[in-house]
Amino acid sequence: MAGYFSIFLVLLTLGSGLIWLIDHFMFAPKRQQRLALAQSSAGGELDEETAALIAPEPAITETAKSIFPMIAAITIFRSFLFEPFQIPSGSMMPTLLVGDFILVQKYSYGVKDPVWRSQLIDVAEPERGDIVVFKYPLDERVDYIKRAIGLPGDKIVYRDKRLYIQPNCAEGEAQQGDLLCNEFNKIDMEIINRDEFKQGSMDLVRLNENLTTLKHDILINPEALEMKGRYYQQPGTRSDEWVVPADNYFMMGDNRDNSQDSRVWGFVPKENLVGKAVFIWMSFEFENGPDDILPGWVPTGVRFERLGNIQ
């Protein structure tokens, strides 16, 4: 839906701007000529009401002139600078909660045209640990948000609810951040609490994960079975191991046992990247309303303490 709205904004901007330009160069001069003749015949300036009767400006032109600056500014802001997104699921808990409204920095990984999404300017590559919005590889009409775990050339293992990374290092490089080259690094985790979040009746364990120089919190369900039977099987590797291809990324949700991510459907191509999630600008609490009065989830409050930069 976000893609369709972007196309709509572009078309609306182009349409209103084109109407304004055509009127400015073709029809406005003719109206000015009629006004000049009328003023000459009247022997002086005409009041606004009389001028509007003699040379009326079409309603479509007036509308286009009034909305074009605002629509153009919105289109530029959403297409190239920042775009708002809503978090629809709990796959990024505890970092992002259902009801969080975030800003995504569109130019973090390059400038793309808003219609065909072809790369116009290269800016930077995702860093390990970035929270990234991207087009879901199996259905590019859908936007997903996950954390970048594996960069091109990295080897990833997820086994017994633990993450291991062998970074893709340059020749002669011994260490990449906190990760040693040429070996699988077991990512350190520290328990924060065991009773803050629940999945049904089961308590989730909140841990602080030390992903290179970036620390962030994740959730683990100790009672959940491994999803190994549903893992994406990359040719030439074991069922819980992956080698990230060139120009691709391995994405995972912070809610490790409740996230459909690269472990299940594979890698995210560079061209699918939308931007980096950087800020929570609003956060609503939700509860399930009665179906006969308030069907679905309805907001019940604002979580002001969550507003700010995303870690």
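Visitor: What is the order of the strands in the open sheet of three strands?
Guide: The order is S12-S13-S14, and the pairing is antiparallel. Strands and helices are DSSP runs, E of at least two residues for strands and H or I of at least four for helices, numbered from the N terminus. Two strands pair if DSSP finds at least two bridges between them. Please note that this is a predicted model, in which local features need pLDDT of at least 70 and side-chain atom pairs count only at pLDDT 80 or more, while totals for chains, interfaces and linings use all residues. Residues are numbered from 1 along each chain as its sequence is written, and side-chain values use heavy atoms, with hydrogens and water left out.

Visitor: Changing topic, how many disulfides does the structure hold?
Guide: It holds one disulfide, a term for a pair of cysteine sulfur atoms within 2.5 Å. Cys169 and Cys181 form it, with their sulfur atoms 1.9 Å apart.

Visitor: Where in the chain are those two?
Guide: Cys169 is in the loop between strand S8 (162–166) and strand S9 (175–176). Cys181 is in the loop between strand S10 (179–180) and strand S11 (185–186), and the two cysteines are 12 residues apart.

Visitor: Why is the disulfide left-handed?
Guide: The torsion about the S-S bond of Cys169 and Cys181 is about -90 degrees, so the disulfide is left-handed.

Visitor: Is Cys181 buried or exposed?
Guide: Cys181 is buried, at 7% relative accessibility. Buried means under 20% relative accessible area, exposed over 50%, and partly exposed in between, with a 1.4 Å probe and protein chains only. Cys169 is partly exposed, at 22%.

Visitor: Finally, which residues does a cis peptide bond join?
Guide: The cis bond joins Met93 and Pro94, with omega about 5 degrees. Pro94 lies in the loop between strand S1 (82–86) and strand S2 (100–105).
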